[in-house]
Amino acid sequence: MSSKRKRAVLSFTDRLKIIDQLKNGASGPSLARKYGVGNATISDIKKNSDAIENYASALDNEDGNLYRKAMKIAENKDLDADFTHGLCSYVVKEQRICIKFCFKLKKSATETYELIKEAFDDAALSRSRTFEFFSRFLKGREKVNDDQHTGRPRSLRCEENKLKIKALIKSNRRISIKDLSSETGLSVGLCHQIVTKDLDMIRTSSKFVPWILTEEQKEVRMDVCKKMAELTRTDPEWMQKIITGYETWVYQYDPETKRQSSQWIERGEPKPKKARFTKSKVMTLLVTFFYINGLVHHEFIPFGRTINQEVYLGIMRRLREAVGLKRPERWQNNDWILHVDNARPHTAHVVLQFLAKHSNIQIPHPPYFPDLALNDFFLYPKLKMKLKGRKFDNVDMIQAESKATLRNLSKSDFISCFDNWKKRWNRCIEAGRAYFEKY
């Protein structure tokens, strides 16, 4: 693809030289290449050659040098554009005088046009323009000069309109460009330019977060992260004592994610399609407890039952037995810490009494903090990602596959989870207590 030609501005001297060369037989395309202009420019100069030479002669007479063939190049070349405009105005004004003269002689508009065309040839005004000026003189106009103009129209992309649009956006962050146009009376395109270019704003969708936290919840969130980080610094073995637990639903069918359904295709092939499915109503409730080296206890709640204080109390008894089997050194010294959230069954009076009776320390996990919960950012996503897109015949098959997936998790997976937990405390503090990205 050829590069765009640089725009060239011809001086008046260049125009006179081009006219002389055209008279000597030079071709238009060759002159266009020589002076770096288009063929249309050379054609216009040829068409208005008589007017250009007459105007040059008039200027020469004013300078006392009638026979000077070329004018001196202006010291300020930026005046060339104004000079060309003056030349065009001179030719038009001359023809207007002739039109007025014909009108005074009682000539018709058609006769006037024929005379103008005969006198000025290719530089003559068009028929419509001739008739327009003739009509004005017919209505009593006497002047041949242009009417006074107000000048260049005031730009609507001004500071006043920018401030007005900015105030409207501040009052309603969801206002559309179309509504801005209706409120201000400006065009949709101009409103869009002011918003995106001048105000440097973009429109973005809200980010989903688990919960809109209050200031009190944010303070609790910050305190939890700081205390956890401080305990880790003062007691390096503290993380080894933690046993964390929670519960989740596992479904008979859980639709696969969009990323899971992606596949390679050749360019030009149609995209694969899949139907939109929802999670099945057949499901089972899984309860898990794990520590830094692996699972300690897991069980499924019988179908039709929910977790209340009595059910959770039974889970706590079975958890203590599992700790005695899998972590006997911690069991003997009662040197382990339970980390759960403050759901009602977890904080029921009978449950707290049972833990206090056996001198078990419990670290509460405040609600609405899934980005800081080990089960939510590690265990359950790993479990459910393996089960998504698969359909099981019954609850027994769901439970069997869930147990197999949990058994396949390695010791390094759990260690990495706890290391990530420590990093998340710092990220929470850096994010100013709010939810941080990609929790």
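**View 1. Helix α9 and the glycine that follows.** G185 comes after helix α9 and has a positive phi, near 80 degrees. Helices (H or I, at least four residues) and strands (E, at least two) are DSSP runs, numbered from the N terminus. The model is predicted: local features need pLDDT of at least 70, side-chain atom pairs count only at pLDDT 80 or more, and totals for chains, interfaces and linings use all residues. Residues are numbered from 1 along each chain as its sequence is written, and side-chain values use heavy atoms, with hydrogens and water left out.

View 2. Within α9 (residues 177–184), L180, S181 and T184 are buried, that is, under 20% relative accessible area, where exposed is over 50% and partly exposed lies in between (1.4 Å probe, protein chains only). The packing partners of the buried α9 residues are α8 (159–171) and α10 (188–198).

View 3. Two strands pair if DSSP finds at least two bridges between them. β2 pairs in the antiparallel sense with β1 (residues 242–251) over eight bridges, and T244 stands opposite F290 in β2. With β3 (residues 294–301), β2 pairs in the antiparallel sense over seven bridges; here L286 stands opposite F300 in β3. Two residues separate β2 and β3, which form a hairpin.

**View 4. F290 and the largest nonpolar core.** A nonpolar core is a set of buried Ala, Val, Leu, Ile, Met, Phe, Trp, Tyr and Cys residues joined through side-chain atoms within 4.5 Å. The largest one has 58 residues, and F289, F290, M316, W421 and W425 have the most contacts inside it. Helix α13 (residues 309–326) supplies the largest share of this core, eight residues. Not counting residues up to four places away in sequence, F290 touches several residues, including I242, L295, L374, F378 and F418; contact means heavy atoms within 4.5 Å.

**View 5. Confidence along the chain.** The mean pLDDT (the predictor's confidence in each residue, from 0 to 100) is 81 for the chain, and 85% of its residues reach 70 or more. Over residues 62–83 the pLDDT is below 50, and this stretch has 23 contacts in the model beyond near neighbours in sequence.
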